[in-house]
Amino acid sequence: MTTPLQALQKKRSEAVRRMVEKGYLARFRVYVGHATCEIAAGAGEVWDVFQEAVRSGRLKDVYLSAKGCAGRCNLEPMVEIIEKDRMPVKYSKVTPKRAREIIERHLLAGEVITAWTIK
């Protein structure tokens with residue numbers, strides 16, 4: 001018979017396995033705002049830039065996901081980057097051109113582009 005502790009350990013193990021499979025424990029987690037208003041502001045094109053960089057293998061150890069409304073319509077599209085052991089960075093008014101620069105300068109070279117961040 002399984003003890004409650006064994007059942008809990010099994011559930012935890014399964015949860016960690018799913019997180020690893022999905023890439024959630026990657027070095028970088030990149031969230032592109034994808035609420036209706038952000039899509040209207042161009043988030044779809046921004047998403048495509050990040051998705052292509054991940055799909056092509058240019059970006060490694062990156063978990064890419066969509067994010068809901070942040071209530072800051074004047075700053076959209078927004079991209080949040082969470083790096084292991086660092087403070088999250090939120091970029092505002094991201095265009096496809098800016099997305100490519102964020103990939104080059106932040107994700108590949110480690111430089112936070114402070115001029116585009118939400119302070």
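Two strands pair if DSSP finds at least two bridges between them. The legends below use the term in that sense and describe a predicted model.

View 1. The protein chain has four helices and four strands. Their order along the sequence is α-β-α-α-β-β-β-α. The C-alpha trace spans about 60 × 30 × 25 Å along its principal axes. Of the 119 residues of the protein chain, 35% count as buried. Among contacts in the protein chain with a separation of 6 or more, 61% join residues 24 or more positions apart.

**View 2. The open sheet of four strands.** The strands stand in the order S2-S1-S3-S4, and their pairing is mixed. S2 and S4 are at the edges; each has a single partner strand, so one side of each is left without a neighbour in the sheet. From one strand to the next, the twist averages 20 degrees.

**View 3. The pairing of S1 with S3.** Strands of a sheet pair through backbone hydrogen bonds, either parallel or antiparallel. Here S1 and S3 pair in the antiparallel sense, over five bridges. Phe28 has Glu83, in S3, as its bridge partner.

**View 4. Helix H3 on the sheet.** H3 lies across S1, S2 and S3. Relative to S2, the helix runs at about 165 degrees.

**View 5. The largest nonpolar core.** This core has 23 residues, and Phe50, Val79 and Tyr91 are those with the most contacts inside it. Two or more residues each come from strand S1 (28-33), helix H3 (43-55), strand S2 (62-67), strand S3 (79-83), strand S4 (89-91) and helix H4 (96-108). H3 gives the most, with six residues.

**View 6. The surroundings of Phe50.** Phe50 is one of the residues with the most contacts inside the largest nonpolar core. Leaving aside neighbours within four places in sequence, Phe50 is in contact with Val30, Val32, Leu64 and Val79, and also with Ala99, Ile102, Ile103 and Leu107.

View 7. Rolling a probe the size of a water molecule over the atoms shows where empty space is left. The structure holds one cavity of 30 Å³ or more. About 30 Å³ of space lies in the largest cavity. Its lining consists of Ile81, Glu83, Arg86, Met87, Val89, His106 and Val112. Of these lining residues, Glu83 is also the bridge partner of Phe28.

Terms used. Residues are numbered from 1 along each chain as its sequence is written. This is a predicted model: local features need pLDDT of at least 70, side-chain atom pairs count only at pLDDT 80 or more; totals for chains, interfaces and linings use all residues. Side-chain values use heavy atoms; hydrogens and water are left out. A nonpolar core is a set of buried Ala, Val, Leu, Ile, Met, Phe, Trp, Tyr and Cys residues joined through side-chain atoms within 4.5 Å. Buried means under 20% relative accessible area, exposed over 50%, partly exposed in between (1.4 Å probe, protein chains only). Contact means heavy atoms within 4.5 Å. Axes are lines fitted to C-alpha atoms, for helices over the stretch in contact, and angles run from 0 to 180 degrees between N-to-C directions. On a 1 Å grid over the protein atoms alone, a cavity is a set of points where a 1.4 Å probe fits but cannot get out, and a pocket is an open set with protein on both sides within 12 Å along at least five of seven lines; lining residues have an atom within 4 Å of a point. Grid points are joined across faces, edges and corners, and a volume is the space filled by probe spheres set on the points.
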